Amino acid sequence: MSILGLDLISVMRFAVLFLLSLAPLGQAGSANYFVPTHKLPGIGVSRDDLSDDVLAARTDLLIQSQTFTIMREQQALPGARRITSSAKLQSLFRSAAAQSGLPASLIEAIAYLESWGDPKAESPAGPRGIMQISAATARSMGLRVVVATRHRVTRERVAVSGTGRKTRYKTVTHRTPYIVTVRDDRLVPERAIPAAARYLAGMEQKYGGRDWAIFAYHCGQGCVAEMMDLTRKARGIPADQVTVPRMFFSCSPAWNRELYQAIWREMQRDWSPTYYFRIMRAEQLLALYRRDVQEFGRLAEQYRGDFTPGTRPQHRLAIWLKHDDLAFHNVDDIRGDGGKKLARAIDRPDYLGYMLRISPDQPANVETFSQASPAALGALSYIAFETRRLYAETKVEEPFQPLPVSALVQPEEFVKQGSQGQKEGLSHTSGQVFDIDYSALPPAEVECLRFVLEDLGWDGYLGFIEDGVASLHIGPSPDSREFFSGIFQEAAGKNGNETVAQDGQGDNVTGSRVRR
């Protein structure tokens with residue numbers, strides 16, 4: 001069974017995670033600031049006490065979140081067709097599976113993600129072929145990569161000294177060396193696919209887990225050796241649970257910091273720590289393609305976005321927001337909303353953890369520009385809550401500073417007058433996004449803020465992107481808006497029972513699937 005690309009087990013695990021979020025947890029920090037009754041399990045500080053159920057649910061949500069990374073690519077659909085429809089490739093995958101003991105579905109998922117099934121694929125970084133193998137790794141697999149030096153011969157006439165007025169010339173020959181490939185087994189699927197499968201099977205035996213073998217395929221064996229060592233040494237990880245998901249979710253800026261820094265370093269390099277999760281999602285997506293080509297096509301279409309057809313969306317907000325969401329064209333549109341889609345932001349920095357630094361077109365419009373959807377304001381309140389309590393756990397002496405909010409809803413006419421170097425300004429006409437200016441925040445607080453945003457993003461609750469100088473552009477996912485609207489309702493109620501808009505979804509906070 002599949003629901004927009006999610007299998008039944010995924011949906012059930014999300015339901016478990018959401019139900020856990022409805023169970024009130026112990027309050028962290030001081031009651032002098034807003035602490036939501038319902039928290040998302042395993043986020044931020046809560047990573048230091050992950051139950052097996054929460055870890056399984058978060059792992060599955062991270063796998064589902066990789067849908068965006070895969071399906072936004074133009075080759076996602078033709079690549080799935082190439083991988084599954086080629087009788088030759090399918091025979092090679094089955095044969096390699098029989099020889100290595102690995103599932104054919106895993107081998108083909110790696111080929112899909114690495115090259116979209118193109119045997120001649122070449123990476124600017126050096127890896128080649130359907131399995132994208134580097135030259136050094138190819139030789140360790142027993143593949144032959146033979147190169148030879150050739151010389152390009154050119155001749156030119158140059159002037160030489162002569163007697164009198166007559167110039168003498170001579171011909172000079174230049175031999176310029178260049179490298180040619182004589183043989184490259186990486187470009188031959190019949191050799192590359194079984195070699196890669198044997199290599200993976202060997203790493204599975206070496207590291208004691210298929211998840212680590214898949215991680216090593218992308219990150220390298222030296223990288224995995226270091227990450228496994230840090231995971232074993234990390235606090236709170238049982239000796240029999242040294243897995244890639246435990247590694248990924250068992251650290252933060254305040255807890256197992258050395259492991260956190262190593263993961264962050266590898267993420268900055270090539271996103272290797274999420275490779276295992278991407279492969280798991282690629283395996284699921286190929287299964288979906290086989291089951292229902294049309295459903296796969298519809299899923300691919302969802303990740304094209306409304307605003308830049310034919311181009312690769314740069315972030316999740318680009319596919320979540322639709323043309324119809326951009327409803328506020330001028331100031332009068334915002335004023336005429338009357339609480340249907342927008343609510344006024346609560347300006348209590350010490351209590352809610354954010355402060356309004358809105359710059360409207362004219363001072364009289366400050367209150368008009370200090371609005372957003374309840375979902376956006378709830379997401380803002382929740383981000384501030386998680387950032388504040390994580391920052392407190394870092395034990396930094398500098399006090400927490402409320403997050404400066406530089407933009408909420410903005411009319412189209414204001415955005416087009418000048419976006420001050422920001423490319424995402426038009427999405428503010430939806431009321432579903434907001435900007436945080438972190439230029440004056442302490443570095444440790446910025447680190448905590450980014451970590452919280454990433455953590456919520458991995459589970460599909462929000463999207464964000466750098467936009468302009470020291471500015472983060474943030475918005476909740478469509479399927480998390482109900483949850484965040486509930487957070488805003490609670491914050492507004494504790495602030496004095498203010499009347500707020502319902503974002504078209506009512507008061508109740510109930511389970512919903514988070515769209516990846």
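These legends accompany close-up views of a predicted model.

**View 1. The chain as a whole.** Of its 516 residues, 52% are buried. Among contacts with a separation of 6 or more, 71% are made by residues 24 or more positions apart.

**View 2. The disulfide of Cys219 and Cys223.** Here we look at the link that joins Cys219 to Cys223, with an S to S distance of 1.8 Å. The pair counts as a disulfide because the cut-off for two cysteine sulfur atoms is within 2.5 Å. By this rule, the model has one disulfide. The link between Cys219 and Cys223 is right-handed, with 70 degrees about the S-S bond.

View 3. Are the two partners buried or exposed? Cys219 has a relative accessible area of 9%, and Cys223 comes to 10%. Buried means under 20% relative accessible area, so Cys219 is buried and Cys223 is buried as well.

**View 4. Cys251 and Cys448.** Two further cysteines deserve a friendly look here, Cys251 and Cys448. Cys251 counts as buried, at 2% relative accessibility. For Cys448 the relative accessibility is 0%, so this residue also counts as buried.

Notes: Residues numbered from 1 in each chain as written. Predicted model: local features only at pLDDT ≥ 70, side-chain atom pairs only at ≥ 80, totals over all residues. Heavy atoms only, no water. Buried < 20%, exposed > 50% of the residue type's maximum accessible area, 1.4 Å probe, protein only. Contact = heavy atoms within 4.5 Å.
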